[in-house]
Amino acid sequence: MKILILKILFVFILTSFQIYSQDNSNFNEAFESIKGDSVLKHLQYLASDNLEGRGLGSNGIKLAANYIAEKFNEFGLEKVPGTDSYFQEIPFVGSTPLSSSVLKVFIGNEIKSIEYSKDYYLFRSGQQTFIPSPTELVFAGYGIFAPEFDYNDYQSIDVTGKIVVFLDSEPLSEDPEFFNGHEVTHYSFADFKIKTALRRGAAGTILIPFERFSAWENVERNFATEDIRLAYDLSSSLSVIINPEAAELLFNGSQYTLDDIFKMHQTHKMKSFPLKAKVSFRGFFKERAFTDKNVIGIITGSDDKLKESYLLISAHYDHLGIGLPEGNDSIYNGALDNAIGVSVLIELARAFANLNIKPKRTVVFIAFTAEERGLLGSVYYTDNPVFPLYKTISNVNIDGIAFFRDFGSIVGVGADYSTLINNLSETAQRFQLNIENIPKEFQGLTSFTNSDQYAFASAGVPAILIQEGLQNKTKSREEVLGSFIDYIEYRYHTPFDDLNQFIDKVAAERHADAKAY
């Protein structure tokens, strides 16, 4: 495990947010108390098979929440105001489409039914999703309206009451002033595209994957599971991701084929137009209602004025639970994603609680649930904040941890969107580290928007995720890059992200050091 990043976090937090009048002996004692063995002990419990991958609504995630709460209580952290617990209860609804669901495509007098899982999955599902009669389709390019780039796929089409069909991804660009060049923008995300279509009066959406989900097997891994939503966020619209082989049906009789569309993408000549085909949908579902919890512990600030401002330090503790087996293993333990991150959070809470001179500002430690289901735990918190968001000075999020003990650079994901970049620079100098941008090899992974800090940034709260860079004092960039790629391709979101993989506790210590500053 990687402790320097933990200590960097400790120092970053203490010095960046004016929360502590440092007494050197007290500070050094707390700083030196951050040990890799302690992080490893938490990790071995949270990522064990006994917790069944910490899937939502499972006994395993309840055990994890109780464990975190017990540690907060052991350290003397305060409970959620107005309650006698460390929990923020969240109501969820889970829905699993059944294979008996029927999606029909109408082409003239011909009707074709396409098969669930083989030909399509649902982004959102539930008994409220029902398109009883054939409904018109319209192709809307990438499904994007981006006024700052003077781009609008909806300019020439009316989608009211229709099903909008669009590609994943966004326009190709070499220009950083147009869709951020090679960097992926939020306009490429399916959820954003779906909301854009519905705001324009669409009855539903159909997404055609060709870049972000390059193989249908990847789609199956992501969507052949229960759809879980916040109980107050149910939708009655149809939301489909369709196998490109089946998507060709949607373009039958129209002026352009699906192959024509892919050529438009490559030649920067995307067009929107009505389709001749229509669709209907009748779904059958297995549903459940349940609650899960954000786990919140608080250290109230010691300064009479500054204690009314809040610093949130977070990590998600959920994972994917029990899923499709790979080999003989079906438990998605999520050791590095993110049992190790919440283990670091626990140790940061202990280190802060041990300070004799308490922080000036109030520090709030939050272990979020449902990050893997679309940041639902952090979204629920921003919708229902325990402390006012306008008094929340920042969110420092922990998702994953350093791979190597001798890392020479860090990445402040999201730091450029606020003055946090200045604080990060000061901390990096203290530890003689360089600051890197997200390596070009990983820009498509959109780290900033894929973890809980994005929920806070979207709500107007400065937020940052600190990760290890590719520079290393003893390994080449290629070696470090290869290890990252190996993890992403072969272990990330699989049963192999478990305790059997090598986890360097010294590196975890360095990671912890960094976050603490």
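Isoleucine 398 counts as buried, at 0% relative accessibility. This residue belongs to strand E19, which covers residues 392-398. Its C-alpha atom lies 8.8 Å from that of glutamine 453, although isoleucine 398 and glutamine 453 are 55 residues apart in sequence. These values, like those that follow, come from a predicted model.

The chain as a whole gives the setting. It has 517 residues, and 58% of them are buried. Its secondary structure comprises 14 helices and 23 strands. Contacts between residues at least 6 apart in sequence were also sorted by separation. Of these contacts, 83% join residues at least 24 apart. The chain exposes about 21,300 Å². Carbon and sulfur atoms supply 47% of that area.

Glutamate 371 is a buried acidic residue without a salt bridge. The nearest side chain of opposite charge belongs to arginine 54, 9.2 Å away. A salt bridge requires nitrogen and oxygen within 4 Å. Glutamate 371 sits in the loop between strand E18 (362-368) and helix H10 (376-383). Leaving aside residues up to four places away in sequence, glutamate 371 touches His316, Asp318, Asp399, Asn450, Ser451 and Asp452.

Elsewhere, charged side chains do pair. The count of salt bridges comes to nine. One of them joins arginine 350 to glutamate 347, with a nitrogen-to-oxygen distance of 2.9 Å. Both of these residues are buried. Arginine 350 and glutamate 347 are separated by about one helical turn, because they are three residues apart in helix H9. Aspartate 84 and lysine 79 form another salt bridge, and their closest N and O atoms are 3.3 Å apart. Aspartate 84 is exposed, with a relative accessible area of 67%. Lysine 79 is partly exposed, at 31%. A further salt bridge brings together the side chains of lysine 162 and glutamate 136, at 3.9 Å from N to O. Lysine 162 lies in the loop between E8 and E9, and glutamate 136 in strand E6 (residues 130-140), so this pair ties together parts that are 26 residues apart in sequence. Glutamate 136 is partly exposed, with a relative accessible area of 43%.

Aromatic side chains also pair. The structure holds 28 aromatic pairs. Tyrosine 116 and tyrosine 121 make up one of them, in an edge-to-face arrangement. Their ring centres are 5.3 Å apart, and the planes stand at 80°. Tyrosine 116 counts as buried at 10% relative accessibility. Tyrosine 121 is buried as well, with a relative accessible area of 2%. Phenylalanine 149 and tyrosine 187 form another edge-to-face pair, at 6.3 Å centre to centre and 70° between the planes. Phenylalanine 149 is in the loop between strand E7 (145-146) and strand E8 (151-152), while tyrosine 187 is in the loop between strand E9 (163-167) and helix H5 (190-199), so the pair ties together parts that are 38 residues apart in sequence. Both phenylalanine 149 and tyrosine 187 are buried. They also belong to a cluster linked by ring pairs, together with Tyr142, Tyr151, Phe178, Phe179 and Phe192.

Helix H11 (residues 420-430) has a buried side. Leu420, Asn423, Leu424, Thr427 and Ala428 are buried in this helix. These residues lie on the same side of H11, because they cover an arc of only 135° around the axis. The face turned away from the buried side carries the exposed residues Glu426 and Gln429.

Just after H11, glutamine 432 takes a positive phi of about 55°. This residue is not a glycine. Glutamine 432 lies in the loop between H11 and strand E21 (434-436), and is exposed, with a relative accessible area of 70%. Histidine 268 also has a positive phi, of about 60°, although it is not a glycine. Histidine 268 is placed in the loop between helix H8 (258-267) and strand E13 (272-282). At 55% relative accessibility, histidine 268 counts as exposed. Finally, a cis peptide bond joins aspartate 337 and asparagine 338, with omega at about 10°. Asparagine 338 is part of helix H9, which covers residues 335-353.

Terms used: Residues are numbered from 1 along each chain as its sequence is written. Side-chain values use heavy atoms; hydrogens and water are left out. Buried means under 20% relative accessible area, exposed over 50%, partly exposed in between (1.4 Å probe, protein chains only). Helices (H or I, at least four residues) and strands (E, at least two) are DSSP runs, numbered from the N terminus. The arc is that of the directions from the helix axis to the C-beta atoms. Contact means heavy atoms within 4.5 Å. Accessible areas come from the Shrake-Rupley method with a 1.4 Å probe; for residues, only the protein chains shown count as cover. Rings of Phe, Tyr and Trp (its six-membered ring) pair if their centres lie within 6.5 Å; planes under 30 degrees apart count as stacked, over 60 as edge-to-face and the rest as tilted.
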